[in-house]
Amino acid sequence: MAEASRWHRGGAPKPNLHYRKEVEIRTTLQELSLYFLFLINLCILTFGMVNPHMYYLNKVMSSLFLDTSVPGDERTNFKSIRSITDFWKFMEGPLLEGLYWDAWYTNKMYNLKNSRIYYENILLGVPRVRQLKVRNNTCKAFSSFQSMMSECYDRYTSSNEDTSDFGLQQETEWKYSTPNSSSPWHWGFVGVYRNGGFIFTLSKSKSETKNKFINLRLNSWITRGTRVIFIDFSLYNANVNLFCIIRLVAEFPATGGIITSWQFYSVKLLRYVSYYDYIIASCEITFCIFIIVFTTQEAQKIREFKSAYFKSVWNWLELLLLVLCFVAVSFNIYCNIQIFLLLGELLQNTEKYSDFYFLAYWYIYYNNVIAITIFFAWIKIFKFISFNKTMSQLSSTLSRCLKDIVGFAIMFFIIFFAYAQLGFLVFGSQVDDFSTFQNAIFAQFRIVLGDFNFAGIQQASRILGPMYFITFIFFVFFVLLNMFLAIINDTYSEVKADYSIGRRPDFELGKMIKKSYNNALQKLRLKKPQKDEDNKGMKDFTEQARREDFDENEIQSAEQMKKWKERLEKKYYSAEIEDDYQPVTQQEFRELFLYAVELEKELHYISLKLNRVMRKISALQD
């Protein structure tokens, strides 16, 4: 019977819970050590891709081309352009002066093949100006107004684009150029624009470029059908080994006026120049090795656990992290190949426009993928520190209240989107924060955080504005958010109460690291073994009891009780309780029973001693 009770289902002996947990924690420590090395390698790799000079270079260039005012009109710069007249003033003023630096600050002339902006940044090739237009009669006017409208130009789409030559039809700026399939499209404020269009490049001479601008302005190069103009050029700063790719965009919406935007990309296209760059290259190779190791580990886990593998959230995070790593490696390989193939060709053609925008575009995408990868890499650390008591409480709280949070989220977003649509319809035509439905959603999140434009809302609607604001604050801020906090607080109180009565994992990562540290010290003979210290403490306790004339039977009983207690604590209380009910063998039950009997005897003995002492005290008082 006793032997039969030791067998688990299928005839296999039941594994010791403490041993299984010890192996699991040891495996976790090994995985943590390997992953910690991977994270350090990834951090070095990512921080090697960026440096503070990128920000300062972007700031200097944006200050030069965006904030410089038109001579004689301090209020007009690229950011404040609202009309075609302002646009030509910018082209012939700040843009022209910013691109051509042919003299030192002492007015001493110097002859260079390329302009040096701020004396340090080489202008690569020549800048390019590109225009996209739409055809006439691409929109339909109401019948009552057709007599007044002889021309009608719709918003820009690829189907509405005008590809016919116009104007003087002599130079390339008057003739349509077909788009390049390899270059990315541009996503603007009022449209998505493809490549190609009516293109011209600037000259290396400042005077020739100025005459070009005057000629285009006088011959109406910008028409009613114009929908966007791109100004593209690239710089290289050898001092910090950075390329700065600049794009200034002026959109001409169908409503009239001009909307300006800009892009400044400081990228490091020449990757391996200094010794530190070669350290980054070694980190890239190590990164690939780590990916192969982690992929092999996950493949083994899938083969071992099969469908049960996909039931864990952490396993899904592992797969997502691996996918992002492979995507990052693919982007890196593609970027390096394109840089190797195109960079030399672009640098040789100094009289033509050097299209570095294509390289910068993919480099920025690679940087974004790496950023997302390292974000999830840091999130994965929670998998390992969940063995800690505090983190275990946090994970237990979130898992317990997940259903309540999902139910609350449904109710919250029903009310939230109802208010967003109300704000969009009532204030959308007058308040910028509610101009689109997406902006209305973001504006409401800002209201919850205390950032709002109440004056604009009130001015848009003096009745509905205050009503919208007050009711939104009351229901969303005071009611729903407090309900959310109440769900979290109540669940956390329940989890903390369970942990206070012992329903918690006793295996904590900190304890295991400390235990491994102590074992290492013992092997190096820098610390005495714990067993010897326990034996020494037991011997001291026995010798002290004999000096105080305790009964030998009592001493032996106490020693037996201490041994049973240590054995039971080691077997049960150092292991994590995985289920509410764990099967117990007959031998284990016998040990527990004997421990309880001896404990009862000790308590009875102590009770008798106390009664004897109380009787003696009563006799002395009498």
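I looked up the accessible surface of the chain: about 37900 Å². Carbon and sulfur atoms hold 60% of that surface. I note that this is a predicted model.

Next, burial. Of the 622 residues in the chain, 38% count as buried.

Then the fold. I find 17 helices and 8 strands. I also checked contacts between residues at least 6 apart in sequence: 68% of them join residues at least 24 apart.

Which residues make the nonpolar surface patch? I list Phe36, Leu37, Ile40, Ile44, Tyr276 and Ile279. The patch covers about 550 Å². Two elements, α1 (17–47) and α5 (275–305), each give it two or more residues. Helix α1 gives the most, with 4 residues.

Phe36 sits in helix α1. Is Phe36 buried or exposed? Its relative accessible area is 51%, so Phe36 counts as exposed, the cut-off being over 50%.

Last, the record. An unreviewed UniProt entry places the feature "transmembrane region" at residues 32–51, 275–295, 316–343, 363–385, 405–427 and 467–488. I checked two of these stretches in the model. Residues 32–51 are 80% helix and 0% strand, and their end C-alpha atoms lie 29 Å apart. Residues 275–295 are 100% helix and 0% strand. Here I read 31 Å between the end C-alpha atoms.

Definitions and conventions. Residues are numbered from 1 along each chain as its sequence is written. This is a predicted model: local features need pLDDT of at least 70, side-chain atom pairs count only at pLDDT 80 or more; totals for chains, interfaces and linings use all residues. Side-chain values use heavy atoms; hydrogens and water are left out. Patches are made of residues with over 30% relative accessible area and no salt bridge: like charges are joined within 9 Å, nonpolar side chains (Val, Leu, Ile, Met, Phe, Trp, Tyr) within 5 Å. Accessible areas come from the Shrake-Rupley method with a 1.4 Å probe; for residues, only the protein chains shown count as cover. A salt bridge is a side-chain nitrogen of Lys or Arg within 4 Å of a carboxyl oxygen of Asp or Glu. Buried means under 20% relative accessible area, exposed over 50%, partly exposed in between (1.4 Å probe, protein chains only). Contact means heavy atoms within 4.5 Å. UniProt positions are given in the numbering used here, feature names are shortened, and annotations may be inferred rather than shown by experiment.
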